[in-house]
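Here is a colleague's note to read beside the model, written for someone who has not looked at this structure before.

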Amino acid sequence: MPFLRERNGRWSAPKIVAFVLVCLPALWLAWLTATGGLGPRPFNEAIHQTGSWAVRFLLLSLAVTPARRIFGAPKLILTRRTIGVAAFAYAALHLTLYGFDQKLDIVKIASEIALRVYLTIGFVAFLGLTALAITSTDGMVRRLGGPRWQALHRLAYPIAVLAILHFLMQTKLDVTESIMMAGFLAWLLLYRVAYRTVGDLGPLRLGLLAIAAAIMTALGEAAWYGVTTGVDPTLVLAANLDVSFGLRPAAWVLVVGLAVAILAALRAVIPFGKIPSGKPLRGGADRRAPLPARATASPGAGGGTR
């Protein structure tokens, strides 16, 4: 398995761990299928599960770059291609299972995709993931050239928006997870904008980022319910203050975002080593010349400057 090795031919522990982890949901789904654990509508449940994991892995692939910068973990970059390809694989399985559920009636499948907006959106997202997966190899990086390859793989962000919109629109009742995924994507997008604006983000800015993403999540959830069900948005917003039935999506986004800020603060107190971020800190705190970003093949995550 050459994709689990470093460029020098040695086995890569981060790549192996990532590969094992992305395979676990598929193995669990296979076990549930074999034991009848998918419920009375196994195809529908399998379609839902594979689609959910496709979105999760897509967001995880986008989270690799912020994580390596914040936690000073350069080896994380080695996992990005594996996670990104996993997002495509689960999306492909998601579409394949849908095709079998429709008895492989190509005409019906095509008409459903064309006529149902949420299916159209999902299919466009899948085509985007396909393009990223096809161009994920080192050979394609060389063939396209670094700048063009990076520009192509920056499409992972709009693809993620489409994937989550598809997730939201196809959910019939409980949109908790899809709203939460939208909140995490909001954090990732805000981080990207903040990093390009001010450079590396310290614990305080990461805390503010978590609060901003949580507010966006709460407002988005209220707006979604207001538009789709007619529920008073203020009631949805008020529900965020009631934890008797568990945390709302905005609360989870806040908890995870603040956890990142706290870990960043701990790292500042107990440093585990520093990595060049590709962008010097503002105010002259870091006078080292930024290292050139090395293009790394990873669908759903872009190049080294993502």
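**Notes on the predicted model**

1. Of the 306 residues of the protein chain, 42% count as buried. The model is a predicted one, and the values below should be read with that in mind. The protein chain holds twelve helices and zero strands, so that, read from the N terminus on, its elements run α-α-α-α-α-α-α-α-α-α-α-α. Among the contacts that join residues at least 6 apart in sequence, 69% are between residues at least 24 apart.

2. A word on the helix pairs before turning to them one by one. Two packed helices are described by the angle between their axes and by the distance between those axes.

3. Helix H2 (42-71) and helix H3 (80-101) have axes that come within 8 Å and cross at roughly 160°. Because angles over 145 degrees count as roughly antiparallel, H2 is roughly antiparallel to H3. Their crossing is left-handed, and the residues of this contact divide into 18 nonpolar, seven polar and two charged.

4. In the pair formed by helix H5 (117-134) and helix H8 (residues 156-170), the axes come within 8 Å and cross at roughly 150°. That angle makes H5 roughly antiparallel to H8, and the crossing of these two helices is left-handed. On the H5 side the contact includes Val 117, Tyr 118, Leu 119 and Ile 121, together with Gly 122 and Gly 128, while on the H8 side the residues include Ala 156, Ile 159, Leu 162, His 166 and Gln 170. By class, the residues of the contact of H5 with H8 divide into 14 nonpolar, four polar and no charged.

5. H8 also packs against helix H9 (residues 176-198), here at an angle of about 165° and with the axes 9 Å apart. These two helices are therefore roughly antiparallel to each other, and the crossing of H8 and H9 is left-handed. H8 brings Tyr 157, Ala 160, Val 161, Ile 164, Phe 167 and Leu 168 to the contact, and the residues from H9 include Glu 177, Met 181, Ala 182, Leu 185, Leu 189 and Arg 192. The contact of H8 with H9 has eleven nonpolar, one polar and two charged residues.

6. Which residues touch the most other members of the largest nonpolar core? Among the 50 residues of that core, they are Leu 59, Trp 187, Tyr 191 and Leu 206. The elements that give two or more residues to this core are H2, H3, H5, H8, H9, helix H10 (203-229) and helix H12 (249-269), and H9 gives the most, with nine residues.

7. Leu 59 deserves a separate look in the viewer. Not counting residues up to four places away in sequence, Leu 59 touches Ala 160, Ile 164, Met 181, Phe 184, Leu 185 and Leu 188. A second, separate core has ten residues, and Ala 46, Leu 97, Ile 109 and Leu 119 are included in it.

8. His 48 is found in helix H2 and is partly exposed, with a relative accessible area of 32%. Leaving aside its neighbours within four places in sequence, His 48 is in contact with Phe 167 and Gln 170. The C-alpha atoms of His 48 and His 94 are separated by 7.6 Å, although the two residues are 46 residues apart along the chain.

9. Most residues other than glycine have a negative phi. Lys 103, which is not a glycine, has a positive phi of about 60°, and Leu 104, also not a glycine, has a positive phi of about 55°. Lys 103 has its place in the loop between H3 and helix H4 (106-115), and Leu 104 likewise lies in the loop between H3 and H4. Are these residues buried, partly exposed or exposed? Lys 103 is exposed, with a relative accessible area of 69%, whereas Leu 104 is partly exposed, with a relative accessible area of 47%.

Key:
Residues numbered from 1 in each chain as written. Predicted model: local features only at pLDDT ≥ 70, side-chain atom pairs only at ≥ 80, totals over all residues. Heavy atoms only, no water. Axes fitted to C-alpha atoms, helices over the stretch in contact; angles between N-to-C directions. Helix = DSSP H or I, 4+ residues; strand = E, 2+ residues; numbered from the N terminus. Parallel < 35°, antiparallel > 145°, perpendicular 65-115°, else oblique. Left-handed = near helix turned anticlockwise from the far one by under 90°. Contact = heavy atoms within 4.5 Å. Nonpolar A, V, L, I, M, F, W, Y, C, P; charged D, E, K, R; others polar. Core = buried A, V, L, I, M, F, W, Y, C linked by side-chain atoms within 4.5 Å. Buried < 20%, exposed > 50% of the residue type's maximum accessible area, 1.4 Å probe, protein only.
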